[in-house]
Amino acid sequence: MPPTINQTYINQARTLIYKIAGLYLPTNKDSIIKNRLDKLARDLDIEDYEEFFSELKRGLYKQDFINAFTTNKTDFFREGFHFKDMIDRILPQRLLSDEPFRVLCAASSTGEEPYSIAATLLFAKEVYQSTAQVSVQAIDIDTSVLETAKAGKYVVDTHLNPLPDWLELKDYFDISAKDKHKIIMNAKQCLKDILSFKQQNLSDKTYSFGVKEFDVIFCRNVLIYFKVEDQEKILNRLFSYLKIGGTLYLGHSESILGLAYKVDRLGQNIFVKVME
Ligand SMILES: C[S@@+](CC[C@H](N)C(=O)[O-])C[C@H]1O[C@@H](n2cnc3c(N)ncnc32)[C@H](O)[C@@H]1O
């Protein structure tokens with residue numbers, strides 16, 4: 001049995017997850033905070049929240065706490081029009097050049113998104129007969145999803161996550177049947193060779209990338225967990241790592257906010273950077 005929770009502990013958790021990761025859980029999310037604290041207490045054998053929070057403030061359990069409070073829902077080729085946009089609009093021209101093509105996948109969760117990007121890039125290289133070097137840098141704050149992502153092995157329910165028909169998945173994944181609607185997808189080495197994963201907190205003041213390093217940035221379905229003023233700061237930081245002419249993809253319910261005047265809007269939350 002986890003120890004009894006009270007409003008003080010819920011408020012402490014709210015304050016700390018905001019301070020550490022920038023994740024904002026308003027009071028209408030109290031039941032979520034309670035459930036996650038309960039689960040954490042069971043997983044870590046916590047007997048006393050008072051002691052737990054004082055140790056957390058000293059840095060102990062910090063990563064477990066972060067991992068417990070992230071929401072990791074993701075899918076292969078989610079919001080598929082963004083992958084089609086890369087294939088149809090960006091890559092035909094861009095892969096003619098020998099300049100390396102770099103993509104940042106911010107908040108990559110368990111890896112389905114960056115593997116989808118990597119497969120799209122390799123497919124495009126084949127179609128456009130390109131020798132350009134392509135790479136995907138995936139980042140997330142949650143170390144447990146990063147471990148899953150590095151392993152690259154997935155059980156996919158193809159009813160819940162319909163897969164694209166415009167590329168041969170078996171060129172990029174070893175695929176076997178699990179049961180009626182489920183398949184096992186194991187990322188091939190060709191995808192792993194162009195992908196790297198690292199921990200990065202989007203709330204940090206700077207990220208460890210070069211200025212204007214990326215041609216494309218995916219930042220989807222993560223800003224919604226931040227306060228608007230913090231979303232704005234993250235977007236500004238990400239923008240400094242995007243080349244002029246580069247593309248930013250946001251999730252369907254996210255907004256470009258104050259950066260609107262620096263981009264061309266192509267619809268479907270596709271933005272092209274036109275100025276610094
Ligand atoms: C809902 S998932 C979105 C995954 C993927 N981008 C997609 O659209 O399918 C949100 C991810 O954001 C990550 N995240 C939350 N706060 C973060 C932060 N401060 N820095 C980096 N990643 C964060 C979570 O760990 C989680 O994996």
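How do the residues of the lining of the largest pocket divide into nonpolar, polar and charged? They come out as 10 nonpolar, 10 polar and six charged. (Ala, Val, Leu, Ile, Met, Phe, Trp, Tyr, Cys and Pro count as nonpolar, Asp, Glu, Lys and Arg as charged, and the others, Gly among them, as polar.)

Before going on: this is a predicted model, where local features need pLDDT of at least 70 and side-chain atom pairs count only at pLDDT 80 or more, while totals for chains, interfaces and linings use all residues. Residues are numbered from 1 along each chain as its sequence is written, and side-chain values use heavy atoms, with hydrogens and water left out.

**Stop 1: the pocket.** Select Thr71, Ala107, Asn221, Val222 and Tyr225, which lie nearest the centre of the largest pocket among its 26 lining residues. The space inside is about 420 Å³. (A pocket is an open set of points on a 1 Å grid over the protein atoms alone, where a 1.4 Å probe fits, with protein on both sides within 12 Å along at least five of seven lines; lining residues have an atom within 4 Å of a point. The volume is the space filled by probe spheres set on the points.)

**Stop 2: α1 and α2.** Now pick helix α1, residues 7-21, and helix α2, residues 30-44. (Helices are DSSP runs of H or I, at least four residues, numbered from the N terminus.) Their axes are 10 Å apart and the angle is about 90°, which makes α1 roughly perpendicular to α2. (Axes are lines fitted to C-alpha atoms over the stretch in contact, and angles run from 0 to 180 degrees between N-to-C directions; 65 to 115 counts as roughly perpendicular, under 35 as roughly parallel, over 145 as roughly antiparallel and the rest as oblique.) Show Gln7, Tyr9, Ile10, Ala13 and Arg14 of α1, which meet Asp30, Ile33, Lys34 and Leu37 of α2. (Contact means heavy atoms within 4.5 Å.)

**Stop 3: α2 and α4.** On the α2 side, select Ile33, Arg36, Leu37, Leu40 and Leu44; on the α4 side, Asp64, Phe65, Ala68 and Phe69. That contact has seven nonpolar, no polar and two charged residues.

**Stop 4: α5 and α6.** Finish with α5 (residues 81-94) and α6 (residues 112-127), packed at about 35° with axes 10 Å apart. Phe83, Met86, Ile87 and Leu91 of α5 touch α6 residues including Ile117, Leu121 and Phe123.

Technical notes
Helices (H or I, at least four residues) and strands (E, at least two) are DSSP runs, numbered from the N terminus.
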